[in-house]
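Visitor: Could you walk me through some side-chain contacts and strands in this protein?
Guide: Gladly; let's look at it together.

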Amino acid sequence: MPFIDQLQHWARADPHRAAVVVGTQRLSFAQLVESATAFPAPQSGGGAALAVIDEPDGTALAARFVGAVAGHGVAAVLDSSWPRGLKAAITDRARAWAAGEPAPPATQPGFGDGTPRSTFLLGLSSGTSGVPKAFTRSRQSWRASFVASAPYFGVTAEDVTLAPGPMAASMNLYALGEALFTGSTFVALPEFSADVALRSVTHDGATRLVLVPTVLALLARRGLETGQGPGGLTSIVCAGSALPADVVELVRQWAPRARLFQYYGASELGFVAASEAGDRIGPAGGETPQEQVCAGRPFPGADVSVRGPGGLPASVGECGSIYVRGPYVSNGYAWGDDGLAFNVLPGGDASGGPWYTVHDQGFLDGSGRLHVVGRASDMIVTGGANVYPQQVEADLEADAGHGTVVVTGVPDAVRGQRVVAGLIPGAGRRGEAPQTAGQLLAACRRRAAALPAHQRPTRYYALAKLPLTGRGKVSRTLLQAWIGEGDARAQRIH
């Protein structure tokens, strides 16, 4: 487990069927096994047998990933577009983690699946430090997910799944594994554009799409504008952020015969809830009048609970923190655990195992469906990626002198949210001139260039004062309001 034994089965049963396609590159199931075994197996060096993979999107990345997780190997897949310094820092952390882990068993399964409870993936998630958090996953967590997701989404060996996002993203790595497990074909893009993706739908014979809502909206809108149809698509799976009603309608116009699924989950939690198309309701008791998205019923095999203050179960329709338990949850963080994201319910629950949360907020209705109200605290969701404002602030303020940076997310028609930053220049040290807004802006933009693209602010505002709550805490919600209302206290400067 999770998919190497199944891959070998398909390599024997249907060796010439395409396993992975990226642009003009193609590997059949037999060729994928051959390519994966040609790469040197990761060596433990006394700890975990870790392979840090830094490859552009292509069949070589897929082959390296497959080879790295065979036996008791562990893979960490970097996004090749990240800044070099960031990748180097992650690699150092990953190797330090591996050195502190137990060595794999002396008896190795060769090119086969390692033991179910062993770690195979060092996944990367946003955090509040300069280097992203890293979580670990067991082989059995993905195996259990495949067994549930394939029938739920109707994946068969005849399918061709196009995942147009970066292969390093956890959702797309999972889609690759799911395809190899089911004997179907996985398709990625060497570089993204709506037209390239639409051509791939028809040229590569895609029957499924796996993507975030913002990218789905781009494809559907461009397809309608240019007359590029959905080809043989029969299924579309969306995750990463809420699926807006206008996007559902757009997709219905572009691909009326395709079943449209959405699921809610997190890298650390796996599948939590899912549904077909856009099942929605209005605001629930006491909530701000806003559209709240019904994620659906708990995913098969997952138990979902909403908890209020003190961890007590919330009433029907009462908003609280979303908790889940089941076989899909990760093992926790390898590094970066700041206590603000992935947590277990204190005291546990003897009735069926521990409950875990990433502090997303929602409620359960009378039919047991989960409605997600919003991300926890101040998390920004931009283009399906999670961004912690505190992380970006810390990075931008590193060279900001005494200046203050407040980062938040504002609505954006393409990304869902865009990252923006409010700036207050520093007063300057004794004997020095006060910092100007231009100087602070220049320093922040230099620092932002070294961040992953989804974390870089796209707009900057000069703030007349800090946006504070009545208790003196920084309020990103207030900053959002200033920007949205054109308040003079937040003047755009870039």
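## Rings, a patch and a strand

Visitor: Is F261 buried or exposed?
Guide: This is a predicted model, so keep that in mind as we go. Buried means under 20% relative accessible area. F261 falls under that cut-off and is buried, with a relative accessible area of 2%.

Visitor: How many aromatic pairs does the structure hold?
Guide: Rings of Phe, Tyr and Trp pair if their centres lie within 6.5 Å. Counted that way, the number of aromatic pairs in the structure is 22.

Visitor: Are the rings of Y152 and F261 stacked, edge-to-face or tilted?
Guide: A pair of aromatic rings is described by the distance of the centres and the angle of the planes. For Y152 and F261 the centres are 6.0 Å apart. Planes under 30 degrees apart count as stacked, over 60 as edge-to-face and the rest as tilted. The planes of Y152 and F261 are at 55°, so the pair is tilted.

Visitor: How many residues apart are Y152 and F261 in the chain?
Guide: Y152 belongs to helix 5 (residues 139-153), while F261 sits in strand 11 (residues 259-266). The pair thus links distant parts of the chain, and the separation is 109 residues.

Visitor: What is the relative accessible area of Y152?
Guide: Partly exposed residues lie between the buried limit of 20% and the exposed limit of 50%. Y152 is partly exposed, with a relative accessible area of 26%.

Visitor: What is the angle between the planes of F342 and Y356?
Guide: These two residues form an aromatic pair, 5.3 Å centre to centre. Planes under 30 degrees apart count as stacked. The F342 and Y356 pair is stacked, with an angle of 10°.

Visitor: Which residues make the nonpolar surface patch of about 230 Å²?
Guide: One member, V414, is found in the loop between strand 24 (404-412) and strand 25 (416-424). V414 counts as partly exposed at 43% relative accessibility. The patch is made by F192, L218 and V414.

Visitor: What is the bridge partner of S305 in strand 16?
Guide: Strand 15 (residues 303-307) is mostly covered, with 4 of its 5 residues buried. Strand 15 runs antiparallel to strand 16 (residues 320-325), and 5 bridges join them. In strand 16, S305 has as its bridge partner Y323.

How values were computed:
Residues numbered from 1 in each chain as written. Predicted model: local features only at pLDDT ≥ 70, side-chain atom pairs only at ≥ 80, totals over all residues. Heavy atoms only, no water. Helix = DSSP H or I, 4+ residues; strand = E, 2+ residues; numbered from the N terminus. Buried < 20%, exposed > 50% of the residue type's maximum accessible area, 1.4 Å probe, protein only. Patch = residues over 30% accessible without salt bridge, like charges linked within 9 Å, V, L, I, M, F, W, Y side chains within 5 Å. Areas by Shrake-Rupley, 256 points an atom, 1.4 Å probe, with all protein chains shown as cover. Salt bridge = Lys/Arg side-chain N within 4 Å of Asp/Glu carboxyl O. Pairing = 2+ DSSP bridges.
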